[in-house]
Amino acid sequence: MLWTHTFIPTLKETPAEAEIASHKLLLRAGLIRKLTGGLYTFLPLGVRALRKVEKIVREEMNRAGALEVLMPALQPPEIWEKSGRLVTASDVLFKLRDRAKKEWLLGPTHEEVITTLVAGEINSYRQLPRNFYQIQTKFRDEIRPRFGLMRAKEFIMKDAYSFDATDELAQVSYQKMYDAYTRIFARCGLKALPVEADTGVMGGKFSHEFMVPAETGENEVVYCDGCRYAANLEKAVSAGPAVATSTAPATAELEKFPTPGVVTIDALAAAPYLVPAERQIKTLVYLADSKLVLILLRGDDQLNEAKLVATLGTPHVRPASAEEIFGALSAHPGSLGAVGVTTLPVYADTVLTNATEMTTGANEDGFHFRNVSAARDLKVTHWADFRSVKVGEACAKCGQPLKIQRAIEVGHVFKLGTKYSEKLSAYFLDENGKQQPAVMGCYGIGVTRTMQAVIEQSHDKDGVIWPISVAPYTVCLTPLSVTPGGPVMALAEKLHAELEAAGVDVILDDRDERPGVKFKDSELVGFPIRVGIGEKSLAKGEVELKTRGGQLVPVPVGEIVARVMGLIAAAQ
């Protein structure tokens with residue numbers, strides 16, 4: 001390919017819209033252009049990198065035994081109504097009407113479509129297992145599209161769906177996809193960390209996210225260097241707080257005392273009260289399916305809403321308003337507690353189990369209770385882990401200190417169980433002739449997000465540093481003189497032909513530009529290998545070989561093709 005025959009509109013300045021490094025470089029390197037918020041056009045180099053990511057994904061899906069299909073992006077809402085997600089996922093659904101005023105959805109994912117397909121086509125255990133996948137455009141009504149391709153309204157995704165006869169066989173399918181994802185991200189040049197994850201709106205039994213460590217990531221990953229435990233913050237557990245909760249025998253009597261104007265944990269910890277946060281019980285009030293519940297945490301802990309939703313078993317959860325709280329407890333936030341409360345269900349964090357010598361609100365504005373004993377004074381309906389893990393807490397598996405790292409989610413694997421197959425009638429006859437629901441798994445990779453994650457993880461001050469596996473072009477030939485018929489251009493054209501014949505993706509920068517401009521553009525776009533050809537070096541029988549981010553090395557003209565091929569082979 002000749003540079004002048006393609007379209008690479010590089011930019012010297014960073015567009016104001018770009019917030020993170022990868023977004024800036026996608027725009028500056030001429031890979032994408034914004035149409036409007038959350039919508040982007042892929043330019044020629046962007047398409048080439050995207051297709052290479054897709055090729056890796058496709059090869060590994062096929063290797064794992066998945067079968068490629070292509071499902072409609074336009075979906076009838078009736079199947080989403082059957083699964084229950086027409087309501088639970090309504091905030092991300094794009095809805096439209098046709099000329100007959102019939103409503104349709106633009107698919108954000110395809111569990112309902114594939115399960116409907118299987119329900120009509122598979123009826124015997126002899127037809128299982130099956131795993132179907134597609135690479136297709138998805139649509140999600142993001143409230144705040146940001147970071148370029150990371151959070152867009154339209155994006156390309158690989159989604160796969162496995163169907164098995166038993167839970168044990170479904171675990172085999174799950175492991176195949178888990179292993180395939182590990183290979184995919186490694187081949188894309190990404191350091192991706194598989195972490196335990198919350199199943200969220202997808203539902204199901206368990207899941208893992210594949211996270212790419214990056215300071216600009218929107219997710220937080222808790223991990224342990226000792227035993228390699230890793231989970232996202234929504235799912236992570238620890239051995240408990242660094243400072244233990246008092247569980248001394250409850251000898252002192254419950255005592256109400258005045259706390260005028262004290263409505264925060266910090267205020268109660270300050271003089272004259274001096275009650276440390278770890279000796280306070282924080283009381284939160286939530287609505288779950290329109291019913292009020294109390295949530296108790298230690299004062300220095302933060303509620304993990306994903307854990308709360310999982311425990312309550314409903315996604316319809318929100319904090320109660322001040323008016324709703326006062327109507328139920330006759331007190332305002334800041335003076336709340338569960339002592340003596342029997343009319344509302346009380347959910348307490350396990351850190352408070354057997355806690356004594358605690359202080360909490362008295363459900364009377366301006367008053368608190370001290371000497372609270374959880375076992376004696378609280379009527380707890382359910383104990384569970386509701387807290388977010390903190391840096392430095394001991395790992396529950398090995399006891400080493402936990403760390404937290406920001407990261408970008410690039411893939412997610414779920415073991416769904418029979419949630420969708422039961423609701424959408426994907427049944428089969430087992431070997432005893434009994435009807436059973438298929439056991440499902442689903443597996444997603446954000447293809448466009450993966451491409452951007454490569455840039456976020458691999459760049460420097462000069463531009464992108466593409467791995468050879470996904471680079472738009474592997475080699476950039478850079479003649480410093482483009483005079484037709486001249487020795488420099490003649491050699492450039494010869495090398496271009498030889499490398500193309502060897503199957504190398506090569507671009508020849510035939511622009512009549514200053515060497516500095518060509519070199520800067522090559523670094524900005526991030527071609528893995530650059531071969532500079534100038535009259536001075538050619539007079540010595542040499543060209544200049546430079547890997548992206550590496551040093552300039554003179555190489556004899558007769559050896560350059562072999563050296564380039566060696567670099568490519570070493571990267572595979």
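Visitor: Is Ser425 buried, partly exposed or exposed?

Guide: This is a predicted model. Ser425 has a relative accessible area of 42%. Exposed would need over 50%, and buried under 20%, so Ser425 is partly exposed.

Visitor: Where is Ser425 found?

Guide: Look in the loop between helix H11 (419-423) and strand E22 (427-429). Check the backbone there too. Ser425 has a positive phi of about 60°, although it is not a glycine.

Visitor: Which loop holds Ser290?

Guide: Ser290 lies in the loop between E14 and strand E15 (291-298). Its phi is positive as well, about 70°, and Ser290 is not a glycine. With a relative accessible area of 67%, Ser290 is exposed.

Visitor: Now the peptide bonds. What is omega for the bond from Leu128 to Pro129?

Guide: Omega is near 5°, and the bond is cis. Pro129 sits in the loop between helix H5 (111-121) and strand E7 (130-139). Then go to Ala271 and Pro272: the bond between them is cis, with omega near 10°. Pro272 is in the loop between helix H7 (265-269) and strand E14 (281-288).

Visitor: On to strands. How many bridges join E30 to E31?

Guide: First, the general idea. Side chains in a regular strand alternate between the two faces of the sheet. Now the case here. Five bridges join strand E30 (residues 542-547) to strand E31 (residues 552-556), and the two run antiparallel.

Visitor: What do E30 and E31 form?

Guide: A hairpin, with four residues between the strands. In the turn, Gly549 has a positive phi of about 85°.

Conventions:
Residues are numbered from 1 along each chain as its sequence is written. This is a predicted model: local features need pLDDT of at least 70, side-chain atom pairs count only at pLDDT 80 or more; totals for chains, interfaces and linings use all residues. Side-chain values use heavy atoms; hydrogens and water are left out. Two strands pair if DSSP finds at least two bridges between them. Buried means under 20% relative accessible area, exposed over 50%, partly exposed in between (1.4 Å probe, protein chains only).
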